[in-house]
Amino acid sequence: TQPQAYRLAVVAGDGIGPEVVAEGLKCLAAATEGTGITFETTEFDLGAKRWHATGDTLAADDLEAIKGHDVILLGAIGDPSVPSGVLERGVLLPLRFALDQYVNLRPSRLYPGEVSPLRDVDAVDFVVVREGTEGPYVGNGGALRVDTPHEIATEVSINTRHGVERVVRYAFDVASKRDRKQLTLVHKHNVLVHAGHLWRRTVEAVAPEFPDVTWDYLHIDAATIVMTTNPGKFDVIVTDNLFGDILTDQAAAISGGIGLAASGNVNPDRTYPSMFEPVHGSAPDIAGQGIADPSATVLSVGLMLDFLGYPELAARVEDAVAADAAAKDGTARTTVQVGDALAARIRG
Ligand code: NAI
Ligand code: MG
């Protein structure tokens, strides 16, 4: 393979975002050292600071400039000083939508040495494929007579055959490349009959393309029970934007915590850059103290390397995090100490 030069857009963001992103970039450098693969970074100032200073969320210029990159690494966006919804609707969702990142990929693995709050937990190793551009998150709604006894609010979930089919096909493809080749559709088609049956029929229609993958179905409420009592059952889960958001927080909680949960907002067609980010937020309660765990960001860098076609480098990154988890002895470490330890393990 040819050594490659990539343009990486870096959105460090707010709170602990810049702290964990610095360690992510350190580990990216360690993983690519001596390979000839290079990343030229451009930093984008987006998030709470920018909004306070200028009132901007994501300007048209920012979006155009970001589109000129191959991939994006994002820390976290958000701060209690900004009204809820402004930055989510103004920065994060517009990026996912405008860049058509229709797969939100969230792997969960319980590494040896990590403590799960579950008793008697078997091997946890599954990946949630969450739809990223539709569902109730598209902003299709409104409010009338706000703050009166007659207030009306709507938040309409959008599910298109096109949107569902492409994410379902992606999930089948992921499942077909894994050992167990097992896909679970999670929805609530007994109550949400319109969207739910669109999802069910789409899975049924796509399944024959992947004869080696077996699939089953769980309602979202039942899925939370199984994730608590028997998470080892899952291999690949495909679900809509809202159910996936909630289920992946539970997935993080049972498999080593939010400090280890990585994600990719992936545009599989590669028409626009994909974006890799830890699942956690800006953690204002510990920001500036240098104690945030950068592991989720480092794992997100691993997902990015895999997406770019370097599975062996991605595996080195993940193995480093797994080995670090196994070697943990309870001693408190700073963000930089963890990043240094991971970079050293990646170098080997
Ligand atoms: P959060 O994930 O920032 O924090 C939840 C708890 O986990 C806090 O106690 C925090 O200290 C801890 N925590 C999070 N990441 C950690 C890490 N790497 N190491 C150690 N501890 C960690 O979620 P929260 O508090 O609900 O949200 C804070 C802000 O972040 C809000 O403004 C929210 O909107 C934003 N947010 C942004 C996201 C993004 O950029 N994609 C995702 C989630 C939240
Ligand atoms: Mg979430």
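Predicted model: local features only at pLDDT ≥ 70, side-chain atom pairs only at ≥ 80, totals over all residues.
I will start with the annotation. The UniProt record, an unreviewed entry, places "domain: Isopropylmalate dehydrogenase-like" on residues 7-342. Over residues 7-342 the chain is 40% helix and 20% strand.

Now to the helices. Take α1, residues 17-32, and α11, residues 335-347. How do they lie relative to each other? Their axes are 9 Å apart and the packing angle is about 15°. Angles under 35 degrees count as roughly parallel, and α1 and α11 are therefore roughly parallel to each other. Their crossing is right-handed. On the α1 side the contact includes Glu19, Val20, Glu23 and Lys26. On the α11 side it includes Thr335, Val336, Leu342 and Arg347. By class, the contact of α1 with α11 has 9 nonpolar, 2 polar and 4 charged residues.

Helix α1 also packs on α9, which is residues 295-307. The axes of α1 and α9 come within 8 Å and cross at roughly 45°. That angle makes α1 oblique to α9. The crossing is again described as right-handed. From α1, the contact uses Val20, Val21, Glu23, Gly24, Cys27, Leu28 and Ala31. From α9, it uses Thr297, Val298, Ser300, Val301 and Leu305. This contact has 8 nonpolar, 3 polar and 1 charged residues.

Back to α11, which has another partner in α10, residues 311-327. Their axes are 9 Å apart, and the angle is about 125°. That makes α10 oblique to α11, and the crossing of α10 and α11 is right-handed. Residues of α10 in the contact include Arg316, Val317, Ala320 and Asp324. Those of α11 are Ala341, Leu342, Arg345 and Ile346. The contact of α10 with α11 divides into 7 nonpolar, no polar and 3 charged residues.

Last, the ligand. How many residues surround ligand 1? There are 20, and the closest are Gly78, His280, Gly281, Ala283 and Asp293. The shell around ligand 1 divides into 11 nonpolar, 5 polar and 4 charged residues.

To recap the helices: α1 is roughly parallel to α11 and oblique to α9, while α10 is oblique to α11. That is the end of the talk.

Methods: Residues numbered from 1 in each chain as written. Chains lettered and ligands numbered in written order. Near = placed C-beta within 6 Å. Nonpolar A, V, L, I, M, F, W, Y, C, P; charged D, E, K, R; others polar. Axes fitted to C-alpha atoms, helices over the stretch in contact; angles between N-to-C directions. Helix = DSSP H or I, 4+ residues; strand = E, 2+ residues; numbered from the N terminus. Parallel < 35°, antiparallel > 145°, perpendicular 65-115°, else oblique. Left-handed = near helix turned anticlockwise from the far one by under 90°. Contact = placed C-beta atoms within 7 Å. UniProt positions renumbered as here; feature names shortened; annotations may be inferred.
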